Every structure is written in C-alpha cells, then in structure tokens.
Amino acid sequence: MVSSDPPGWELPLRLLQGFRSLIDALHAELARRGHPDLRPVHGFVMQAVGRDGTTAVELGRRLGVTKQAAAKHIETLERAGYLTRTDDPDDARRKLVQLTGRGVDSLVLSAQIFDELRAGWAATLGVERLRAMEDDLRAVTPGNPMRVDAPGWFAGS
C-alpha cells in the first residue's frame, strides 16, 4: 500500500517557505512605506537593541554573533538612521547603542504589517483554519515563541 502522505522532509521546507513568504512580504511593504534599506537581519538587531539600548558586546551576545559582527550591523543601521551611538552615562569607556525614532517607527510598522499579513492568511485560509494551524504549531513547538532578538542558527551574521 502506498501512502498518500507527503514525505517527512517536506514539512520543514513548507514551514520555512511560509516563514520566508511572510518575511519577504513584510520587507516589500516596509520598502513601500519608507524603509527600503531594511533587511531581515536588521529586525533581529533592532529587537536585540531594545528600547533601553545596549552595548556592542551585549548585542553580540544577544544575537549569538561576535562583537565585530554586531559592530558591523550597528554601523550599517547607524548610517541608515535606525540606530545611534552615544556615551554610556554609567561608563564613559562604553558606547550605548540606541534606537532612533526611525528605528522605533520601523518596528511599530513591522508589527502592524505582520497583523495585516496574518489577516491576509485568514482571508485565504479562513479564520478558523488559521487559528487551528496556530494552535497546532503551539502544540508541537516549545512553550514560548522564539525570541525575536535571537536569530541564532538561521540568520548568522
């Protein structure tokens, strides 16, 4: 008897494809709304910087990359107007990396766009099927969603 189930290797690829389609759509919309220079890894970097700011060393730890890789991301996002570096008021030897208004705007806008993209999936699949898929994914994945500031194994530097 031949199984009609798809092969097991297809599941992770479909999940990745769904992730990629959402991320690609997010960045296309961010570009249309005034943020054409942002790339997927930039979102992880800005989430890791957070509202309170951080240092390059700590940013590297949060992202799981070297201080040098973190510094490269900081430089890129500073040139684009998303981050700024200032003297740390608690330690004059350190620089504090903080989000600019443009950086905060891009994160707020990203959250709104993700809501819009989810609504599009609900329109395509139906609200109940989308909720069931989300519930099913919660059932087979760890309790808390991945931290959005830790690209870890799939983003690299």
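## Charged pairs

At a relative accessible area of 73%, Arg93 counts as exposed, where exposed means over 50%, buried means under 20% and partly exposed lies in between, with a 1.4 Å probe and protein chains only as cover. The side chain of Arg93 meets that of Asp91 in a salt bridge, with 3.0 Å from N to O; a salt bridge here is a side-chain nitrogen of Lys or Arg within 4 Å of a carboxyl oxygen of Asp or Glu. Elsewhere, salt bridges with shared partners link Glu29, Arg32, Arg33 and Glu116 into one network, and the structure holds 16 salt bridges.

Glu58 and Arg62 form another such pair, with their closest N and O atoms 3.2 Å apart. The two residues are four apart in helix H3 (residues 56–63), so about one helical turn separates them. Glu58 is partly exposed at 25% relative accessibility, and Arg62 is also partly exposed, at 27%. In the salt bridge between Arg85 and Glu78, the N to O distance is 2.6 Å; Arg85 counts as partly exposed at 32%, as does Glu78 at 29%.

## Basis and confidence

This is a predicted model, in which local features need pLDDT of at least 70 and side-chain atom pairs count only at pLDDT 80 or more, whereas totals for chains, interfaces and linings use all residues. Residues are numbered from 1 along each chain as its sequence is written, and side-chain values use heavy atoms, with hydrogens and water left out.

The pLDDT, which is the predictor's confidence in each residue from 0 to 100, averages 90 over the protein, and 90% of the residues score at least 70. Confidence is highest in helix H5, at a mean of 97, and lowest in helix H7 (residues 152–155), at 45. Over residues 152–157 the pLDDT is below 50, and this stretch has eight contacts in the model beyond near neighbours in sequence, a contact being heavy atoms within 4.5 Å. Where pLDDT is low, the predicted coordinates should not be read in detail.

## Overall architecture

The protein has seven helices and two strands, which are DSSP runs numbered from the N terminus, with helices (H or I) of at least four residues and strands (E) of at least two. From the N terminus on, the order of these elements is α-α-α-α-β-β-α-α-α. Of contacts between residues at least 6 apart in sequence, 54% join residues at least 24 apart.

Among the 157 residues of the protein, 31% count as buried. The protein exposes about 10,500 Å², and carbon and sulfur atoms supply 57% of that area; accessible areas come from the Shrake-Rupley method with a 1.4 Å probe, and for residues only the protein chains shown count as cover.

Helix H5 (residues 101–125) has 25 residues and, at 1.5 Å a residue, should span 36 Å, which agrees with the 36 Å between its end C-alpha atoms; the expected span is 1.5 Å times one less than the number of residues. The buried residues of H5 are Gly103, Ser106, Leu107, Leu109, Ser110, Ile113, Leu117 and Ala122, and they pack against H1, helix H2 (40–49), strand E2 (91–99) and H6. Gly126 follows H5 and has a positive phi near 100 degrees.

H2 is itself mostly covered, since seven of its 10 residues are buried, namely Val41, His42, Phe44, Val45, Met46, Ala48 and Val49. Just after H2 comes Gly50, which takes a positive phi of about 70 degrees.

## A nonpolar surface patch

On the surface, Leu11, Leu15, Met133, Leu137 and Val140 form a nonpolar patch with about 450 Å² of accessible area together. Patches are made of residues with over 30% relative accessible area and no salt bridge, with like charges joined within 9 Å and nonpolar side chains (Val, Leu, Ile, Met, Phe, Trp, Tyr) within 5 Å. Helix H1 (10–32) and helix H6 (127–140) each supply at least two residues of the nonpolar patch, and H6 gives the most, with three. Met133 lies in H6 and is partly exposed, with a relative accessible area of 31%.
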